[in-house]
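Me: I have a structure open and would like to go through it with you. Can we start with the ligand and then look at the rings?

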Amino acid sequence: MYHHYFSDSYFQLAQEFIPGGVNSPVRACRSVGCNPIFIEKADGCYLYDVDGNRYIDYISSWGPMILGHVHPEVKAAVAEALESGTSFGIPTWREVALARKIVEFVPSIEQVRLVNSGTEAAMSAIRLARGYTGKKKILKFDGCYHGHADSFLIKAGSGVATLGIPGSPGVPEEVVASTLAVPFNDLEALRSVLDRDGDEMAAVIVEPVAANMGVIPPGDDFLPKLRAWTQDRGILLIFDEVITGFRLARGGAQEYFQIMPDLTCLGKIIGGGLPVGAYGGRREIMEKVAPVGPVYQAGTLSGNPLATAAGLATLEVLDRPGVYEVLEERSEALQSGLVDLAKRYSVPCCLQRVGSMMTAFFGQRGPVTDFETALKSDADLYARFFRGMLERGVYFAPSQFEAGFVSLAHDWEVIEETLRAAESVFRDIV
Ligand code: KE4
């Protein structure tokens with residue numbers, strides 16, 4: 001039986017100095033009914049908490065750790081960069097090398113600007129789209145998350161396109177008045193809002209595979225129609241690939257689905273665990289960005305030498321033959337193992353996966369196709385699954401509405417160990 005004595009003490013202390021004791025809300029584990037663990041260290045696919053417990057890590061820092069933790073090449077690259085300094089606010093060769101690699105990997109990107117987070121990437125991409133098109137409205141999809149910039153924090157739509165209603169105190173109505181939302185995968189609602197508001201619309205932003213309401217793949221027609229209909233109307237299509245970028249393929253979802261957006265937001269994996277975000281696209285759009293063009297965006301630590309070193313080393317490993325095949329095999333084995341066990345023990349859950357990202361929607365027969373259906377999940381049952389797995393040394397996302405990730409460090413033995421733990425949880429859970 002795992003005890004969490006020191007984690008609980010750290011959490012109590014943390015709440016003195018940090019709102020909720022965490023630096024990002026989901027880490028507080030409120031929706032899964034337990035206190036957060038505090039991590040001492042990580043290595044490969046394992047996390048070690050301050051009480052000496054070991055866990056197989058399926059959160060991967062919410063996506064960045066696709067190679068596993070403390071990968072020797074990433075560690076060496078950061079150590080080498082550290083010898084030369086930590087930040088200059090003056091250009092360095094590493095940021096050029098990382099930008100070049102991103103242009104090489106991502107089919108639609110001709111130029112890219114590095115920033116420090118996915119939020120900055122999405123916020124900047126929207127500003128650029130508005131500056132480039134001269135139009136104001138943007139469209140997002142219910143349940144998709146693009147970071148916490150005001151423009152994106154709107155209440156989920158009511159099934160039809162509704163003008164944005166602030167989704168958080170502090171977000172002024174006038175800021176979200178130009179943000180529209182329709183259900184993910186709903187081509188009818190999409191077409192009607194484009195017909196109604198397309199002339200005033202700068203961009204549509206989408207997670208090509210939704211991951212922030214749990215993993216929801218696009219319907220077969222969804223991305224092709226979204227691309228065609230925005231193209232026809234001169235509306236920029238922005239792929240938010242902060243999660244899918246370099247995860248689903250070397251070229252992310254746009255390579256995986258063969259759909260070319262006009263702008264792409266990146267983050268997570270390109271920092272190899274250090275803070276990096278990026279947005280990029282066709283040169284004629286990107287050249288609107290200061291100092292070449294008038295659209296302003298800036299950042300003290302953008303292109304930071306340590307972060308770009310970690311990102312470069314990560315992308316170099318991902319550029320080797322067979323990497324995505326290995327991720328696919330192991331992720332498929334985990335998915336089918338969990339599906340078999342859920343069936344054997346009559347645990348109601350629908351497991352949805354694209355590549356090495358997946359979610360088990362509990363209390364659902366599936367398919368889960370949009371935010372409304374995702375919300376029908378049994379979050380309490382998920383919480384019992386999460387706690388049960390935690391007690392058996394496996395760390396999944398502390399929320400039903402997030403993704404789990406397989407890394408290159410999850411070998412066959414680890415997949416087997418995970419399935420043994422799941423069998424023991426499924427036996428007791430319903
Ligand atoms: P960051 O600002 O957290 O680096 O990225 C924002 C973001 C943008 N776009 C997508 C598709 C994202 O998933 C995210 C952030 N993801 C969440 C978890 N799904 C980060 C975890 C957290 O908020 O603590």
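Me: How do the residues of the shell around the ligand divide into nonpolar, polar and charged?
Reply: This is a predicted model. In it, the shell has 5 nonpolar, 7 polar and 4 charged residues.

Me: Which residues are the closest to the ligand?
Reply: Ser24, Thr119, Asn212, Asp240 and Glu402 are the closest, out of 16 residues that surround the ligand.

Me: Ok, Glu402. Which ligand atom is 2.8 Å from its side chain?
Reply: A nitrogen atom of the ligand, and the distance runs to an N or O atom in the side chain of glutamate 402.

Me: And what about serine 24, how far is its side chain from an oxygen atom of the ligand?
Reply: An N or O atom in the serine 24 side chain is 2.6 Å from a ligand oxygen. Glycine 118 has a polar backbone atom 3.0 Å from an oxygen atom of the ligand.

Me: How much of the ligand's accessible area does the protein cover?
Reply: The protein covers 84% of it; on its own the ligand has 530 Å² of accessible area.

Me: Which domains does the shell draw on?
Reply: Domain 1 (5–70 + 321–429) and domain 2 (72–318) each supply at least three residues of the shell.

Me: New topic, rings. How many aromatic pairs are in the whole structure?
Reply: A search finds 17 aromatic pairs. One of them joins tyrosine 5 and phenylalanine 6: the pair is edge-to-face, with 5.0 Å centre to centre and 80° between the planes.

Me: Is tyrosine 5 buried or exposed?
Reply: Tyrosine 5 is exposed, because its relative accessible area is 54% and the cut-off for exposed is over 50%. Phenylalanine 6 has 43% relative accessibility, so it counts as partly exposed.

Me: Which residues do ring pairs link into a cluster?
Reply: Tyr58, Phe362, Tyr382, Phe385, Phe396 and Phe426.

Me: Last one. What lies over the face of tyrosine 48?
Reply: Lysine 41, at 5.0 Å from the ring centre. Over the face of phenylalanine 105 lies arginine 250, at 4.2 Å from the ring centre.

Methods
Residues numbered from 1 in each chain as written. Predicted model: local features only at pLDDT ≥ 70, side-chain atom pairs only at ≥ 80, totals over all residues. Heavy atoms only, no water. Near = heavy atom within 4 Å. Polar contact = N/O pair within 3.5 Å; in protein donor to acceptor, adjacent residues only side chain to side chain. Areas by Shrake-Rupley, 256 points an atom, 1.4 Å probe, with all protein chains shown as cover. Nonpolar A, V, L, I, M, F, W, Y, C, P; charged D, E, K, R; others polar. Domains from an automatic or database assignment. Phe/Tyr/Trp six-rings, centres within 6.5 Å; stacked < 30°, edge-to-face > 60°. Buried < 20%, exposed > 50% of the residue type's maximum accessible area, 1.4 Å probe, protein only. Lys NZ or Arg CZ within 6 Å of the ring centre and 35° of its normal.
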